Amino acid sequence: MAVPTLAQVEELIQQFYSSQDAAYQKSAQEYLHNLQKEGFAWELAPHLLSSQSENSQFFGAHTYQVKISRDWKTIPEERLEWMREELIRWIVRFSSGPAFIRTKLCLALSAYAMKAVPTHWPNFIPGIYQDLRSRVNQTVDGVFLTQQAMEMALLEFLTIVPEELGRVEIEPMRKARLSSEVMNGLPCIISFIQEILVGSSAVSKPKALVCLRSWVQYGSPFDVIQPILGLALNSLLDDNTFDAAAEVWSEIMSSKAASRHQDTICEGLMPCFASEWARAKHLESIQAESEDISRSLCQLLSTFGDNFSDWIAAKFLRPDIQVYLEMMMGFAGFPGYYAEDETTSDLTLNFWYMLQESLSELSAEDLEDGGRESVDEDRQIILSTISSASSITGLDKPSLQAIKAASIHVYIRLTEVLRRKLEYPTQREWLSWTRDIRQEFSGHRQEIADTLINSYHVLHEQILSLLIDTCSQQLDGIQKTSLSGTNLAENAQLELELVRLESTLYCLKALSEVVPHTESVQMPRFFSDQIFGRLPTNVVCRTRETALALIGSYADWFKVHPQFLLPALNFVIPALEVPQLAPYAAKALKNICDTCRESLVEAIDAFMTVFANVEKAIDPSIKGSVVYSIATVIQTLPVERSIRPLVGLLGDIFTRSNECMETRKQRVEGGNSEAVRTQVTAANGETELEPVSALMLVQLEFLLSCCKGLQSPAEDEIRTGDERTQLYQRISEDRTRLLAAGGMAVELARSMEQVIQGAVMLWPHELEIIEKVCQIVKTMMTASQFSPLYLPFPVLIRVIESGFRQHAYPCWLDAAAKIVSVYYFETTGGSLASKLGSGLSQGAASTYQGSCVVDQDSPSTSNEVARHRSAAELENEAAFTHLLAAMVSRTMEGMQSMADMEEHPDVIHSFFAVLSQFVRHAPLAFYSIPPEQTENLMSFAIAGLALQERLALKATLLFLIEFVNQSFDFPELKQRVDGLMARIGPQMMRSILIGIGGHVPRSMVPQLNDSLYPLVGKYPQECRSWMQALLAEPGFPSVHADQASKEKFIKGILQTRSPKRFKDEVHQFSNKCRQLDGSVFGSAI
């Protein structure tokens, strides 16, 4: 870089700071940054500091800092002392300001200290102290150094040093020597700060406290700073120094040493907190609603409470503690709406939690009370194990009882304070807030809810009684004000009363997490006609939203108190008609029905009647949730009793579905390509379903919700093979018996089948509709229960096969994978051994055109005799075989090249996933497809090992792992599989080695290892031959693998059966092929 003139540099600096052009600023910044790297920058810095421009002066100071930090080694050793003197001289020159340049020069001197101490600047703290003091009342470069200017400059430097020490990255030995030097100078620093706090001007004192805070934060020993703690306390009582002193004490209280000096700190601070000055300051901030006054004091009090709640609990009855609690209470209820008017009140919330924990530990250890303390016995045990080192001792039982009584009084008051802070503004004011403010306010309400839970652990049923009494009073007020009309826009007093009631209901909702389900005094009182029966139902407002949420939150309580269910539902269900309330009502209904399904069985008729009255008015966006909720109750009914409610629930849905299908059928038969389209372009330019198709999708969503609701909670239970078979036989018998009787059951089953098959036939290429159909089909697949709505296995398998033939969507493959895992064992005769016995005759073997497998659902035994399978079981076996053959054929038709496979990774993933299910659960079906199809299938899988898309590649590898891991108990079939492996094995080995060699992502190597390990274990000699032949090829599988590494790899994996050792060998060879051997990256896998 050419050396610029001083004028050029100054002009560039001025333009950099004044320009509004971002591109120019970036270019100028880059030039100035590069300029500081040049050697001549050392000479440039003092010239810039001598400029009349503050921007140039700042850049000159910054240049010194950068050069010292980056180019320290370029300073000749004989110039080091001169450099220090130069920096100190400039600090003196700017000691009276501007402050930002003085700070930058102190940063430069601090950077010098980090490099020079102790070798080139021993005792640097006393040294700088003496140096600057010696220049007081002297003129340096035309600047007269006053006492105050000296103090401000020295305090600036001493504040920066500990901050830089915490950030600097130097070798541990140097950092230790530097820290030792600092510790030696610490008494000098404390003495200097003490000197300022005792008698200096008001300007220096806040700066001295900032400096002290910096050293406390650094970790200065408590005994070193203790001599000036009294002065720091006095500083809290001075408006000029309060903020800085509060930060010092917050840092002290949060330090590691605080717990060891608890009494010293607490006994020092508490008189200060209870002083007339602090109380006046607190009162002033509350009355003036001024956060400028309140926030520092609240932060200080909250930090004290967060760190010393155990001490406060032990001294709870002291008058000064009561004053402190009053002040914390005042800040918790700070006037105004949180986020919009104030952000102080949230600072106190953690303290009330900590105090409750401390009081809980106190009562758990020392009180003999057979009452409420036993409610949370497990919780108390946990608390006692984590109680702090400052455990509370030496309190007699009368004192403990008095503390308990006093704490109850405090938390009762706190509950009312927090309830008021929960209140929303009027709707007009709420709408005037920004979105961010609304979100912050809502988040604050949740934090208050958590605090109320802590209040419950102190008050127990007393908080419920308090809130319910408040509810009653508020309902009285609502009743009076509603006489003037229920239009909230015209009745401001009614809106105010409803806002107050909403906050009380929100409190009760928050407590649902901790109220015992067996609570039988206060909650029955709330859900009685005297309280719950009077909640407003003729006004659409937030109060009803909260009431609905409250009902849903107490679902577990309703389960123990079912007598209150119907009144609750009578409040919830009508709200489904009101758009504003419907989402809250739907969620409450879902919680109640899901939890209390057994309790609602006897009231199902009344339930359905109420639903019928509102069904037409329910918004489609929440109707699915409502249908699910009702279906969960119907699921509990005996099958015969479930028919009529299901018809009532689904009648309108089936009607609308049939109307959609009829319209669609007419369009298709009409042959008009425009009318047949299912997608249209919306006004915003995006593609969406045309109205009829969209309406059909909505009806399918409702049916899916119903099917999900009908699923038994026991669906996921693990059962033995015999249990599964018996359960399926019972379900089949129930289906036959029920459908033989005719009537509504037959109509229900027929309607469902018509909708499913009609959707597949009329919308075969519309992915959204087909995906919804597949979800319904998968939900119907259950071996644990029977519902006439669920289609039988033969129908489901036909739907899947016909749908996939029309369009090979991966969702059909996913449905096929599930039908195999759910139905194959039960419908085809049980385990593999029960079908084939311990061996297989030649004739029997020829029936199955392929190989045999292990049946992992029920392992075979060596002496089991094959049983005669029924015609239905043989027919089902054939159906599974036919399904697999159709899916293999249809998939491979669409995958004629690697490009096709890469283009449709979702299809490849689902295809190999369904193959894995067949190998695992339906082995006879897998090996009964034509032999040429089996070989084509395996070649297809081997080709899939070259895929780069991770999801598809992983599914391919998992299939091959499943395939290779099969065990064979039937010698004749094993011979057939061995023949298959002899034909495809070399190509499989080639693809696996190519993948290990670097062709596939490195994250897939573990799966390749899992394919290779069982292959080598079952066919060791064949694998040796295949690998030797393949690895003899030059550059295979990578040009980076030499012959020695290849031979080591072959030897390593063939001579070990340890999975870990085998994996290590594969890992090492893969790294060699990828040129990662010996690298840190290569060692991680």
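Q: Which helix holds Gln-775, and is Gln-775 buried, partly exposed or exposed?
A: Keep in mind that we're looking at a predicted model. Gln-775 sits in helix H39, which covers residues 767-780. Its relative accessible area is 32%, and the middle class runs between 20% and 50%. So the answer is helix H39, with Gln-775 partly exposed.

Q: How many Å apart in space are Gln-775 and His-444?
A: Along the sequence, Gln-775 and His-444 are 331 residues apart. In space, going from C-alpha to C-alpha, the distance is 40 Å.

Q: Where is Gly-336 found, and is Gly-336 buried, partly exposed or exposed?
A: Look between helix H18 (319-332) and helix H19 (349-366): Gly-336 is in the loop there. Its relative accessible area comes to 35%, and anything between 20% and 50% falls in the middle class. So Gly-336 is in the loop between H18 and H19, and its class is partly exposed.

Q: Which residues does Gly-336 touch, not counting residues up to four places away in sequence?
A: One of them is Lys-421, which is 85 residues from Gly-336 in sequence but 8.2 Å from it in space, C-alpha to C-alpha. A contact needs heavy atoms within 4.5 Å. With residues up to four places away left out, the list is Asp-341, Glu-342 and Lys-421.

Q: Is Ser-910 buried or exposed, and which residues is Ser-910 in contact with, leaving aside its neighbours within four places in sequence?
A: Ser-910 belongs to helix H46. Its relative accessible area is 4%, and under 20% counts as buried. So Ser-910 is buried, and its contacts, leaving aside neighbours within four places in sequence, are Pro-810, Leu-813 and Asp-814.

Q: How are H46 and H49 oriented to each other, parallel or antiparallel?
A: Helix H46 (residues 905-921) and helix H49 (residues 950-964) pack with their axes 8 Å apart, at an angle of about 15 degrees. Angles under 35 degrees count as roughly parallel. H46 passes H49 in a left-handed crossing. So the two helices, H46 and H49, are roughly parallel.

Q: How do the residues of the contact of H46 with H49 divide into nonpolar, polar and charged?
A: On the H46 side, the contact residues include Ile-908, Phe-912, Leu-915 and Arg-920. On the H49 side, they include Leu-951, Ala-955, Phe-959 and Glu-962. The contact of H46 with H49 divides into 11 nonpolar, three polar and two charged.

Q: What is the orientation of H44 and H48 to each other?
A: The axes of helix H44 (residues 871-893) and helix H48 (residues 931-943) come within 11 Å and cross at roughly 50 degrees. The crossing of H44 and H48 is left-handed. So H44 and H48 are oblique.

Q: How many aromatic pairs does the structure hold, and why is the pair of Phe-124 and Phe-157 edge-to-face?
A: The structure holds 48 aromatic pairs. The ring centres of Phe-124 and Phe-157 are 6.5 Å apart and their planes sit at 90 degrees, and over 60 degrees counts as edge-to-face. Phe-124 is in helix H7 (residues 124-134) and Phe-157 in helix H8 (residues 147-167), so the pair ties together parts 33 residues apart in sequence. The answers are 48 pairs and, as the reason for edge-to-face, planes at 90 degrees.

Q: Are Phe-124 and Phe-157 buried or exposed?
A: Buried means under 20% relative accessible area. Both Phe-124 and Phe-157 are buried.

Methods:
Residues numbered from 1 in each chain as written. Predicted model: local features only at pLDDT ≥ 70, side-chain atom pairs only at ≥ 80, totals over all residues. Heavy atoms only, no water. Axes fitted to C-alpha atoms, helices over the stretch in contact; angles between N-to-C directions. Helix = DSSP H or I, 4+ residues; strand = E, 2+ residues; numbered from the N terminus. Parallel < 35°, antiparallel > 145°, perpendicular 65-115°, else oblique. Left-handed = near helix turned anticlockwise from the far one by under 90°. Nonpolar A, V, L, I, M, F, W, Y, C, P; charged D, E, K, R; others polar. Phe/Tyr/Trp six-rings, centres within 6.5 Å; stacked < 30°, edge-to-face > 60°. Buried < 20%, exposed > 50% of the residue type's maximum accessible area, 1.4 Å probe, protein only.
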